Structure formats: structure tokens, C-alpha cells
Amino acid sequence: MTTSERYETLLPQAQAQVQAQAQAQNSSKIEADQNSTLTSAANNLQDALGDPEVASIHVVPIAPSAFQRDQYQNNIYFEKKLIEQVMNTGGALNHETLVRTNKFLETLRKIALHPDLINPETLSQTTENEIQAKWDIKTSAKFEFLNEFIRHVSDHNIHVAVVAHGERIPTMLHNFFQGIKVPCKRWLHPSSTDPDLSPVNLGVKVSIIDLDGGLQNVERADVVIAMDPLVDYRHPLVRAARNQTGDQDKWSLLLPLVLPHTLEHIERSLQADLPPSIRTKILAKATNEFRWEAGRLESTQSPLKHAASAIAEFLDDTSADWPIAALSQLDEMDSQTESDLQADSHGVKRSVDDTGTNITAETKRARLNSVSGTQLPTTINPLELDITHVSDSLDKGTESNMDMVDAPGASPSTEQRLREILQGVQDRLDEHVKALEDLQYRHEDQRKHLVEVKKERDAARLAAEAAHARMAGAEANNATLRIERTQLKEALAEAKSGLLSHAVPEMRELEAVRMSAEAAKLEEEKARKKSAAAEKELEWTRSMYQDSSNRARELAQNNAELETRLALASHTAQGEQARAREISIQGHNKALEQECQKLTAQLENCRLALKNKDEQIASLKEGRGRIGTRGSSVPRSPRMGSPMKGRVSRQPSPAAAAAADSRGRGAHLHPLRNSAGT
């Protein structure tokens, strides 16, 4: 599906003019190609169709993987400013811009081969060849094509040669074929484990040819696959792999792999004699314009797996027509090349002040004729439009814009303003296209899911209808069988009644006896069934009685055991109670003994105290039985109002003093005795 099936042209006026311009330019291009000797590689192949060496070259367009396509488009988006700078440059590119642009284009070439080529981290990462091969198939469309092609020719005795430039791609190819378990030989680095590539060794054999590795002793291959679409078919190694017999009419197939609408496709559509600066400028400009078309196959071109299968079948009969559609030429590139060449060689415009200078045909750019006789339609069919024409019309401008640029009074500022307007429109167009692309991808996923759901719904509906039909048929058969059964019963009853009323007596008796026998047989069958049921019931009762008896015996044993344990527990409890009672009495007795001892000690203390008191009392008694006054006693003071108040207190008793002296000497004498003695 192309973008012309989805998006409407933004500038209908510009599209009508560009279509007319494209027709005129295509006619002039055909005449120029017939007289030119320096053409591109694609034109060389077209001019040499009669050559058997060229006739066996078929370009295989393959769609990139999703990851590869996103990487390609994202790198173009990241270098948007560089592309704008290149597009806004009127003359030749300066050295710095040219180097940056060439580096950017080389990055796109590497992505078209394998996205890992732009990732420096993959150089130091090592993994198993089987895992790396799965990654290569998932990320690179060319490696996926090799895997599919090898798988379809696995039952052939065939030698496939893969040619590539550089050092890393051949190394990756060698690891890839080892990962998918295919015998592989690299001519630049032979080893003792390399397989035999001669036809004697049956099966699929692969060889890798390094185009930058110098001379190599390659053998003839049945199919040569070129990883780089710009591989020269006249390269010595390529020719050696395609023909070693010297017969110029027998050449092996050469299959260059190209991702459509990418830088590989654009380079094949350019002329080979362009100056480097102009070529780089055109490539940068074209990659930006074909950014959203990158990797999209045309409606007639086959998908990758179908193309690999068709080419494998073509090898069985190479005289048949080529099975897949070829890669088409980008016609828009011719007009862009002519306009850029004219801008570079005839871009000298007359100054505004230089009014007297004669304007010749060489110094004035040719003006495009307008289509004045055509009438624009009121409505536009989106299926008839091509989104690439928008960028072409914007790049070349409408007729009025071209007249303004080519007018004698036009100035560089006007051209710069128009370029800014053009760039702004292209930026908006890119944004709209990206938004529509994202929207389309989401709708495609939803549409795919909707289709799957519809298929499941239709399958479920068909299954339900089939089940309903089967059920209806079964019901009809059941109804028919019931009716037939009823009819047969009625016929049987009529036949039995007819036998009972038969004219022959023996027949009537025989029928009566038969009916009696049948009734007896039925009664016997019923009795047998009842007996069997009774036996079953008796057996069940017997089993239940046995189970109950066993259960009762177990319960009786449990009861006896429990009684024994209860008696033992009771005996143990009684002993424990007696011991507890004894312990309690002993404790009480001990407490009473302690209390008695305490009371006895207290009684003894009281006796000692009383004895001490008695001794004190006895020592204090006088000879006549009186108790003297203590010498230390102090007489009381006279009371308030007493006549003794104011007098000098009386002296202490001499008896008390004598008693004190006697106590000091250790003897207690009666005061009279003391005074008498003195």
C-alpha cells in the first residue's frame, strides 16, 4: 500500500502542474538517455539487456523489518537540521557540510544492511552463533531473506555465494551461516573445517566472497547474492563466481538485494556522472522526501518469504519467466537531478541595478510551460494522487513562484523567502505524514484484530448453525421413531386381539396359553427382582448389624478401659487427699509449735523483767520499810498565788545527798543510820 491510497494531496494546483511537468521531463529524459554514455548502474543494465551476463541479473526488492525501518526513519529525523541546511544551500556544499552529509548517508547504508553496523557496542559483545543468527533474522531483512532462501533450497544440490564489501559484513555472514547450521566457507580465511563446495558433496553449500579482500581462488556458484545493491557485476571476483567455464552464454544468477525507497534504491536511480557535491545533496534531499515511503513494497512486488520461495522454485526451471516483480525506477529523481544541475550551472541571476545587461538563453533558466487548457476538477480522488508529488511541487514551486524567481527584478531575498516558505510547508507535511502514519499503524493493528475476531465469530456462528441443524435433525428422527413405535404398539395390540378372537379354537387356546405364560413369566421376573432386592436389603441389614456389633464391642471395651482408669484415678485421688490433709496438719502443728516457742520466750523475758524490777524495788526499800526519795528529784515550783512564791526554794534533803553518796560508795544506808554513824 502506498501513501497515495491514504492521504490527499495538499496542493491540487501544484499537482496538476507537476504532472504535466513530469510528462515533459520524462520525454526529454528518454531522449537524453539514448545519447548519453555515462549512465547509472541501473541504466547500464537496461542498455545491456542483450548481454547474457546482464540478463541473468535480477534485483530483488525486499521490505525491511519493523526495527530496521524505524531505525532508518529515526536517523533521518535526528539529522533534520542537517538536511534543512543542505536543502537551503543554493550552490555547492562546503567541506564540513559535505563530510557530515556523507557520514549521515553512510549511516543509512549501514542500517539498510544491518542495524548493528551503527552500534559500536556490538563489536565487543560476544554470544552464541545460534542466538546471534536469530537476532540477525529479526533485525535485518537481508539476513532474513538469506535464511528463507536457504530453507527453501535445502533439498537442492546447490552452491550459493554471498558477496559483500568491507570486513565486518563477511564476518557476520560467516557467524550467521554457522548459527543456522549451513556448511559455509569464507574464501579470504580458509580453514581445515571448510566444507567441500564441489557438486560431489550433495546438499546446500554456501561460500562468502570478500570483495575488498584481494584475489581469491573462488569456485563457480549456482546463485550469487549481493548484500550491497551497488556491487559491480564486472568485478573480477563476481565474474569468477558466476562463470569459470569460459562460455560467455552461461552465467549464474546475480541477485542484488535492495530495500525499496531507501538510499539503496535512490542511488540506483541516480546518474553515475554527477559531481560528488551535487550527488550528496540530491541523496540527502531524496532520503528526506522518501522518508515515509522507505521500505514500502509496491502492489505488484512480492513479500520477502514469497519472493524467496518463488526464486527457489525458479532454480528448477531457469528458462521460465522471472517469478517476482522487478525494482522500479524512481522517476522523480530525474527531475530533481536536472533542477539541481541547472541551479548549479545556470544559477547566475541578473542584479536589480544591472538593467542594461542583455539576458541570453544561457544565463536564464528555462521557464516551465503552464497547463492553461486543463480544468481542475472540483473533487479529488485520493486513490489517484501520490504523496511524493507534493514534495516535488513544493520543491519546484508553482508557475507563479517560478515566474517570480526568473523575473528580471527578482532578488536573492525573494528566493530565500520562498525557500523558507517551502521549508515550513515541508516541515508541516512531515508532521502530518508522521501523524497519519502512526494513526494508520494503530488502525491496521485494530483492523487486523477485528478481522481475526470476525473470523472467530463466523466460525462460531457456523459451528452453532451446524449444531442447531444436527439438533433439529435429531429431534425430527426422535419424533419419527416415537410415531413409529406408537404405530407398532397399536399393530401389536390389534394382532393380539385378533389371535384371541381367532376362528380356530386351537389358535385361541394357544394364544391364551401363550399370554398366560407371558404373564407368569412377567410375574416370575417381578418375583425374582423382588427376591433380589430383598436379598440385597438382607445383605445390607446383615452388614449393618455386623458393623453395629463391632461398634458396640469396641464401645464396651472402651467403657471397661475407662472404668479401670477411673478407679485408678479415684484411688490416686484418695491417697493424695490424705497426704494433703497430713501435710496441712503438720504445717498447722509446726506453726503452733513456733507460736508456743515465741510465747515461751516472751514469758521468759517477762519473768526476767519482773525479777529485775523486784530486785530494784528491794534495793530501794529502806530499813523500816520506807522508800526514800531519790536525790535527783527536783521540787516543784510554787503555784500561782501561793505565799511561797517569791521565797528562796528550799535546799535539798540531806537524806537524799547522803543516799547519793552512799550509792557512790556502793552501799544503800538508811538516812538515820547514815546520820547516826557519822
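Hi everyone, and thanks for coming. Please keep in mind that what you see is a predicted model.

Let me start on the inside. The largest nonpolar core has 44 residues. Those that touch the most other members are V60, F145, F149, L173, F177, I225 and M227. Where does the core draw its residues from? At least two residues each come from helix 6, helix 8, strand 2, helix 9, strand 4, strand 5, strand 6 and helix 13. Helix 13, residues 304-314, gives the most, with seven residues. As general background, nonpolar side chains in soluble globular proteins tend to be buried together.

Now to the charges. A search of the whole structure turns up 19 salt bridges. One of them joins R239 to E53, with 2.8 Å between the closest N and O atoms. R239 sits in helix 10 and E53 in helix 3, so this pair ties together parts that are 186 residues apart in sequence. How accessible are the two partners? R239 is partly exposed, at 33% relative accessibility, while E53 is buried, at 4%.

Other salt bridges stay within a helix. E267 joins them in a network of salt bridges. Further along, in helix 18, E554 and R551 are also separated by about one helical turn, because they are three residues apart. Their closest N and O atoms are 3.7 Å apart.

K181, between helix 9 and strand 3, has a positive phi near 65 degrees, although it is not a glycine. H261, between strand 6 and helix 11, is another non-glycine residue with a positive phi, about 60 degrees. Are they buried or exposed? K181 is exposed, at 61%, whereas H261 is buried, at 12%.

Finally, Y233 lies in the loop between strand 5 and helix 10 and is buried, at 13% relative accessibility. Y233 and I57 are 176 residues apart in sequence, yet their C-alpha atoms are 8.4 Å apart in space.

Note on methods:
Residues are numbered from 1 along each chain as its sequence is written. This is a predicted model: local features need pLDDT of at least 70, side-chain atom pairs count only at pLDDT 80 or more; totals for chains, interfaces and linings use all residues. Side-chain values use heavy atoms; hydrogens and water are left out. Helices (H or I, at least four residues) and strands (E, at least two) are DSSP runs, numbered from the N terminus. Buried means under 20% relative accessible area, exposed over 50%, partly exposed in between (1.4 Å probe, protein chains only). A nonpolar core is a set of buried Ala, Val, Leu, Ile, Met, Phe, Trp, Tyr and Cys residues joined through side-chain atoms within 4.5 Å. A salt bridge is a side-chain nitrogen of Lys or Arg within 4 Å of a carboxyl oxygen of Asp or Glu.
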